[in-house]
There are 6 protein chains.
Amino acid sequence: MIDQDQQKISHHDNFPDFSTLGFRFMACAADYQEAEVILFGAPWDGTASFRPGSRFGPAAMRLDSLSLETFSPYQNKELVTGKVCDIGDLELPMGGRAPSLAKIRSTVRQILTDGKKPVMIGGEHLVSLPAVTACHLQFPQLCVLHFDAHADLREEYLGETLSHATVMRRIWDELGDGRIWQFGIRSGTVEEFAFARDGHVAMRTFDCGSLADAVSAIGGRPVYLSIDLDVLDPSVFPGTGTPEPGGLSFQTLLDSLLQLSGLQIVAADLVELSPPYDTGGISTAVALKILRELLILI
Amino acid sequence: MIDQDQQKISHHDNFPDFSTLGFRFMACAADYQEAEVILFGAPWDGTASFRPGSRFGPAAMRLDSLSLETFSPYQNKELVTGKVCDIGDLELPMGGRAPSLAKIRSTVRQILTDGKKPVMIGGEHLVSLPAVTACHLQFPQLCVLHFDAHADLREEYLGETLSHATVMRRIWDELGDGRIWQFGIRSGTVEEFAFARDGHVAMRTFDCGSLADAVSAIGGRPVYLSIDLDVLDPSVFPGTGTPEPGGLSFQTLLDSLLQLSGLQIVAADLVELSPPYDTGGISTAVALKILRELLILI
Amino acid sequence: MIDQDQQKISHHDNFPDFSTLGFRFMACAADYQEAEVILFGAPWDGTASFRPGSRFGPAAMRLDSLSLETFSPYQNKELVTGKVCDIGDLELPMGGRAPSLAKIRSTVRQILTDGKKPVMIGGEHLVSLPAVTACHLQFPQLCVLHFDAHADLREEYLGETLSHATVMRRIWDELGDGRIWQFGIRSGTVEEFAFARDGHVAMRTFDCGSLADAVSAIGGRPVYLSIDLDVLDPSVFPGTGTPEPGGLSFQTLLDSLLQLSGLQIVAADLVELSPPYDTGGISTAVALKILRELLILI
Amino acid sequence: MIDQDQQKISHHDNFPDFSTLGFRFMACAADYQEAEVILFGAPWDGTASFRPGSRFGPAAMRLDSLSLETFSPYQNKELVTGKVCDIGDLELPMGGRAPSLAKIRSTVRQILTDGKKPVMIGGEHLVSLPAVTACHLQFPQLCVLHFDAHADLREEYLGETLSHATVMRRIWDELGDGRIWQFGIRSGTVEEFAFARDGHVAMRTFDCGSLADAVSAIGGRPVYLSIDLDVLDPSVFPGTGTPEPGGLSFQTLLDSLLQLSGLQIVAADLVELSPPYDTGGISTAVALKILRELLILI
Amino acid sequence: MIDQDQQKISHHDNFPDFSTLGFRFMACAADYQEAEVILFGAPWDGTASFRPGSRFGPAAMRLDSLSLETFSPYQNKELVTGKVCDIGDLELPMGGRAPSLAKIRSTVRQILTDGKKPVMIGGEHLVSLPAVTACHLQFPQLCVLHFDAHADLREEYLGETLSHATVMRRIWDELGDGRIWQFGIRSGTVEEFAFARDGHVAMRTFDCGSLADAVSAIGGRPVYLSIDLDVLDPSVFPGTGTPEPGGLSFQTLLDSLLQLSGLQIVAADLVELSPPYDTGGISTAVALKILRELLILI
Amino acid sequence: MIDQDQQKISHHDNFPDFSTLGFRFMACAADYQEAEVILFGAPWDGTASFRPGSRFGPAAMRLDSLSLETFSPYQNKELVTGKVCDIGDLELPMGGRAPSLAKIRSTVRQILTDGKKPVMIGGEHLVSLPAVTACHLQFPQLCVLHFDAHADLREEYLGETLSHATVMRRIWDELGDGRIWQFGIRSGTVEEFAFARDGHVAMRTFDCGSLADAVSAIGGRPVYLSIDLDVLDPSVFPGTGTPEPGGLSFQTLLDSLLQLSGLQIVAADLVELSPPYDTGGISTAVALKILRELLILI
């Protein structure tokens with residue numbers, strides 16, 4: 001079990017001048033034991049092929065979270081203090097893919113064992129693989145909802161089988177047919193689109209039109225929700241490694257999230273915010289608002 | 001009355017090679033006495049809590065105004081020379097909130113006394129307070145139309161009662177119930193939304209759907225128009241201190257403006273353009289086009 | 001005829017470790033002789049009046065083309081290897097307008113003479129003039145489809161008759177009435193809009209609503225397609241010299257392109273990508289995707 | 001006394017995967033009670049007249065401190081764990097000068113009362129005033145060593161007596177003649193240079209040539225060390241609000257610091273790092289190295 | 001003669017709140033007739049071969065001049081009000097080299113005819129040619145002092161004889177042997193260095209070591225001073241089109257300027273500040289300080 | 001042997017308008033067979049722990065090489081056409097450390113076997129390891145000259161033994177004591193400095209003072225020259241992942257290079273240029289000038 005003392009940083013009643021601004025995500029300083037949701041950063045982008053930088057995603061989100069309101073006018077609810085505990089970032093060596101993935105897997109495993117829901121902030125998309133694996137162990141019926149511009153269904157990429165471009169294929173290796181629903185896909189190879197057409201995964205191209213069908217097909221089964229933020233149009237979310245024009249509006253992604261309220265989401269991730277390419281900080285603002293809505297939702 | 005000599009900079013007929021590029025807003029070099037509209041900058045952002053920079057707004061707009069056409073294909077009209085006089089920026093100390101607000105108030109008062117319409121370029125949103133106060137003195141029936149992402153209705157913010165986050169509450173203190181219409185609001189505390197629900201102000205969340213109702217409710221009463229440009233979506237207008245995803249498109253804001261043509265607008269402001277965050281200059285281009293349409297409209 | 005040896009850079013079978021990453025546009029390393037389409041850069045922006053930089057457009061697109069897939073899910077087709085030959089950039093002196101335009105004209109002329117279709121990457125919009133002129137010589141019935149935010153129909157600009165702001169007027173001088181269709185126009189002088197209203201060119205303001213009519217009016221005549229990328233909204237395409245708010249979405253421009261599939265397009269250009277203003281690289285990504293769709297289309 | 005639990009964040013032995021990367025300055029996670037030096041941020045820049053942004057200084061330094069070694073080859077010593085406690089940032093409203101200064105003063109007072117040395121990270125230079133005032137109460141013989149490009153000796157600035165441009169004059173009001181030594185000064189009004197020539201403060205222009213004399217004149221008296229990082233040349237330290245060419249090299253400032261090893265430094269500050277202007281992050285790297293050397297020194 | 005009314009913008013005694021911040025260079029709002037020095041911008045960079053942007057130099061300097069003191073601690077003198085008149089920027093079409101050069105020439109001619117000293121802010125280095133030509137007409141004995149990283153002595157460049165890379169060769173065409181002294185040169189072709197070795201111009205490579213010799217050789221002859229700011233090292237002055245490592249420090253250039261106090265400088269220019277590449281604004285700060293020292297000097 | 005056809009891109013005599021601007025490093029388009037020096041890029045930064053981006057180094061250098069002169073005034077020599085062949089970039093997967101290192105090793109091996117000198121452009125510093133290994137095979141007496149801010153002598157870093165922070169230790173594993181000379185070192189752990197003090201490598205801290213001794217100690221033995229460009233001061237070279245204040249000036253590094261003219265340099269690399277952090281492009285300009293001097297030297 002996690003050390004409780006570590007959670008005390010926000011308790012400083014007898015020295016009220018000292019603040020902890022910037023130390024944790026806004027409103028996410030609950031005690032680990034009392035929290036229902038455990039937030040953590042996986043600042044790793046070791047297979048980023050084009051423009052790395054998502055390793056800085058969690059840090060940028062913590063800093064800018066100071067400017068976000070805790071109240072959601074969309075859900076008419078507050079992100080209440082005491083629900084979420086931000087336990088910081090995992091220490092992950094860039095060159096060490098295997099130990100990094102192992103550390104993510106064991107972290108997610110422990111959080112689930114403690115009866116809590118993990119929410120992971122990437123990092124690149126490959127970090128979703130060990131998180132899904134850990135969830136699958138706990139929830140054999142696990143389904144995956146995947147929002148992304150890219151199919152990520154390659155058998156291999158640049159000679160590697162473990163890559164941000166193969167992550168959904170590896171998750172399919174783990175879960176098998178009929179467990180993965182993809183939305184907003186608009187980039188991939190001929191083979192990836194064929195793989196979906198062959199029925200291995202349910203791929204919706206360009207938009208989220210078939211989301212209601214997916215929700216009813218999943219029913220009461222446990223869900224891992226993986227949001228690659230590059231599913232959004234680059235005008236809305238420029239700060240990412242591989243911007244793909246023709247994506248979702250903020251409103252569409254938000255509406256899609258709110259449609260998931262009936263599902264049993266057991267874990268989630270937000271990946272591919274790359275602050276070095278987020279000129280003006282608007283992508284970080286988008287990521288934070290999606291995160292707030294997600295945390296209130298689950 | 002203002003010194004007329006100051007307006008002569010654009011008259012240099014006997015030395016035609018000398019230009020005044022960059023000195024004034026495009027097509028806004030009328031004589032003060034002949035002008036109907038007086039444009040001025042209020043480059044102050046002394047209470048900006050997150051990312052300051054709107055103090056550079058007026059300078060950025062003057063510079064880039066060289067690239068804007070004077071003709072509006074939307075209204076099929078030209079911004080005619082001789083109508084608007086740009087009198088430059090007020091000199092406002094950042095650390096001195098009280099004298100800065102006083103100087104804005106006296107400037108607006110004099111312009112109104114001279115029978116002209118003031119248009120102010122911010123700076124942060126708190127600069128609207130003294131401008132509204134000065135208008136209210138002249139026009140006791142004053143109404144306020146407010147486009148913004150943020151409700152700005154807090155009783156206090158970070159221990160301060162005068163802040164960009166409290167400005168509409170202070171204006172309500174001045175005008176009372178039934179005088180303020182808000183559009184595009186998508187961020188605030190529980191208390192701010194409750195304040196609106198209690199009927200003190202007419203708040204439209206997310207969009208401008210109810211604008212026609214507001215226009216007919218206001219009728220012939222004098223109107224102060226305050227446009228916090230962060231009402232626009234950050235994809236359209238990234239250059240602002242507190243970007244809020246989920247905002248208006250340029251077309252929606254423009255259409256809203258054109259719906260106001262029947263109103264008696266006696267003063268207006270455009271605030272919260274923050275050039276340090278306007279990478280690529282697209283926010284300044286948006287602000288300039290909104291300003292052109294506004295100047296032609298009134 | 002062009003030297004064939006120059007095309008061999010991608011053939012290095014006996015030393016497979018050596019790559020040519022970054023040397024040519026993705027999938028555009030066909031032999032000149034076998035290629036149907038010849039791609040080249042015209043990195044010239046010598047009359048840019050506001051913010052130059054489009055001279056760097058071709059280089060930025062080559063570099064970032066590595067991150068683009070060759071498969072189009074929109075057309076369900078691959079950009080096949082062997083169809084397009086990228087012959088690099090023309091060497092054009094910035095101060096030398098006349099020789100630069102002459103070099104573009106002779107290049108386009110030779111490509112047409114060799115029975116191939118030229119696709120030119122600007123550079124500023126004036127580079128379209130010599131390309132159209134060369135095409136007109138070959139195809140007397142030539143029509144022009146022009147997507148742009150700006151009418152570019154001035155008789156002169158800043159005392160010059162050859163400028164990015166006069167290019168369509170010069171093309172009209174060449175082709176005459178009834179040959180030019182414009183879409184997305186939202187900026188110009190009173191005189192330019194009057195010139196269109198007088199029937200010299202078919203100008204569609206703000207959007208592409210009348211595109212189907214244009215396609216049917218053109219019928220089987222040869223078409224030069226000129227896309228000034230600033231026709232897109234600055235939120236989608238910030239990286240350009242004169243951003244004009246209120247433009248097309250990516251989807252609208254893409255749909256418009258796909259509507260052209262029945263036309264006989266004999267040459268095309270993409271102009272006004274200005275990488276120094278393309279913070280985050282999203283404009284380059286848009287330009288590349290439009291280019292891919294265009295190359296597959298023709 | 002400060003809550004001890006707040007210091008426990010780095011102790012998480014039974015859940016070793018959880019890290020606190022980015023939460024505190026490198027190697028500054030000592031218990032408050034055991035620490036000799038207390039580090040805190042004063043992220044306030046409410047009177048910045050030109051380019052604000054130093055409010056983000058502490059956050060930028062914490063983030064980038066991960067890339068700094070704890071060992072100093074200059075002093076051949078390590079910044080040992082257990083010596084310094086980073087208590088985070090004070091929460092200071094931008095528009096509220098008086099309460100912000102009061103909070104800094106009371107914080108410094110308490111740290112001194114607890115028998116520890118405060119090291120403050122600005123923020124703008126005005127934050128030094130309450131810190132010096134608090135020290136003066138504890139140490140009536142207090143001397144001030146001041147490294148800066150600007151004299152900061154104005155009687156008032158833009159109508160204000162409390163400003164970053166008047167801070168040393170206000171400190172002189174408090175301490176009187178013969179207590180202030182300035183180095184590297186290269187910008188000011190005629191009056192400020194005259195004030196120094198009249199002997200009220202010891203001002204060294206352009207460099208630190210007379211530092212040894214100052215050290216021997218001060219002798220065993222307690223010293224407040226205030227480093228406005230813009231004393232460095234803008235090539236070395238571009239990330240500041242008012243860059244002044246002609247400044248110190250990094251080596252000169254470092255050598256100057258090391259000359260102070262015999263002095264009794266009771267408190268210190270580093271001010272005017274402005275991350276929005278620190279393109280490439282080199283100014284933050286400089287600030288961090290100066291801080292490391294300073295922490296090892298005292 | 002120039003229209004006097006144009007100079008009145010700074011006189012607004014009866015409406016003291018209105019300011020002209022940003023309209024003119026700091027302390028350069030003298031009446032044209034009373035002024036000894038006439039400052040103007042030549043915002044033209046039409047032959048820039050690599051990275052254009054110096055067209056924005058004058059505007060950037062005007063804006064940032066607000067942060068500069070009028071007092072020089074180097075010369076212990078103030079830039080007195082009433083000495084310098086900033087008449088704004090010339091309107092120069094980018095594509096029109098000939099009319100642009102003609103307009104500069106006639107402007108300089110008139111200023112000299114009026115008995116005043118022109119100081120021109122570029123723009124690219126080619127703007128020096130018409131200025132020198134105009135001076136030569138007035139002062140047949142004219143000598144040129146040239147600080148630059150580049151020799152600018154090519155016979156032609158990219159097929160053009162009028163270019164930033166040929167400007168000193170063209171000036172030599174005008175003035176002949178023994179009239180040009182160059183300092184800090186560290187880039188050029190074999191032919192350019194040979195041209196200097198043949199004695200046509202006095203070229204000092206890398207530094208300004210021989211400046212005293214030049215000053216005594218020139219004696220009482222009239223001098224045109226041309227400072228291409230890229231003579232400075234890119235660490236000091238990154239904001240320029242063609243940065244050349246290995247250049248002067250700020251102190252060296254400043255010291256060199258001060259050595260010129262005995263010369264009869266009849267005109268001067270500062271060229272090649274390119275704001276789009278001046279990240280953080282430090283180059284603009286350097287340019288302004290050099291300009292202040294220059295204006296005080298002459 | 002390498003395919004000769006691949007070298008033909010610069011031969012296009014019968015179609016002279018087609019250029020190859022941007023395809024290869026300036027003046028480095030020799031035939032592979034005739035070339036003495038083979039230049040290639042190793043765009044890999046898979047273990048970068050702080051700020052990745054050096055993968056874009058070779059591309060940035062190729063692009064900007066167009067603005068560099070081929071003549072060196074320092075060595076009074078031209079970089080002659082026909083001496084150097086730029087064979088492009090190796091294709092290296094980011095997540096695949098082992099295959100990437102293997103590809104570099106085999107490339108260097110082949111170039112040496114062909115009797116030529118390899119010059120490699122990184123990429124991060126770990127790419128030096130396979131290059132040195134390949135050279136050691138060919139030259140058993142190999143010595144290494146290493147310019148760097150960081151000792152790179154750790155036994156492991158973040159749990160990894162193959163990292164940019166361990167590369168010199170791994171090279172020492174290969175070469176043993178007395179073979180490695182380091183210059184400019186100013187960052188490392190206590191253990192790394194102790195390792196040097198124990199005599200395993202000859203480490204010069206802060207500067208290059210002892211370079212002459214190293215040159216004479218090496219004598220006629222073959223030398224691998226590895227230049228981590230962060231040895232330069234961040235003011236000179238900001239564009240790197242881990243900027244370390246207190247570094248070399250450009251002049252010092254250049255002078256050091258020229259001192260090596262008597263050595264038998266058999267291979268060399270330039271690493272750690274990170275273009276995303278090279279605001280303004282000055283670091284790329286420095287890297288290019290060092291490369292030009294290096295290519296002329298060897």
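Chain A and chain E make no contact with each other, where contact means heavy atoms within 4.5 Å. Two pairs of chains that stay apart are set side by side here.

| Pair of chains | Distance between nearest C-alpha atoms |
|---|---|
| Chain A and chain E | 14 Å |
| Chain C and chain D | 14 Å |

A quick word on ground rules: this is a predicted model, in which local features need pLDDT of at least 70, side-chain atom pairs count only at pLDDT 80 or more, and totals for chains, interfaces and linings use all residues. Residues are numbered from 1 along each chain as its sequence is written, chains are lettered from A and ligands numbered from 1 in the order in which they are written, and side-chain values use heavy atoms, with hydrogens and water left out.

Now for how copies are arranged. Two copies of a chain are related by a rotation about an axis and a shift along it.

What does a single chain look like? Chain A has 8 helices and 10 strands, which are DSSP runs numbered from the N terminus (helices: H or I, at least four residues; strands: E, at least two). Of its 298 residues, 69% count as buried, meaning under 20% relative accessible area with a 1.4 Å probe, protein chains only. The C-alpha atoms of chain A fill a box of roughly 65 × 40 × 40 Å along the principal axes.

Over in chain E, there's an open sheet of 8 strands with parallel pairing, in the order β4-β1-β5-β10-β9-β6-β7-β8. Two strands pair if DSSP finds at least two bridges between them. The edge strands of chain E are β4 (84–89) and β8 (202–205), each pairing on one side only. Strand β1 (residues 37–42) of chain E runs parallel to β4(E), and 4 bridges join them. Across from Leu39(E) you'll find Asp86(E) in β4(E).

Terms used:
Buried means under 20% relative accessible area, exposed over 50%, partly exposed in between (1.4 Å probe, protein chains only).
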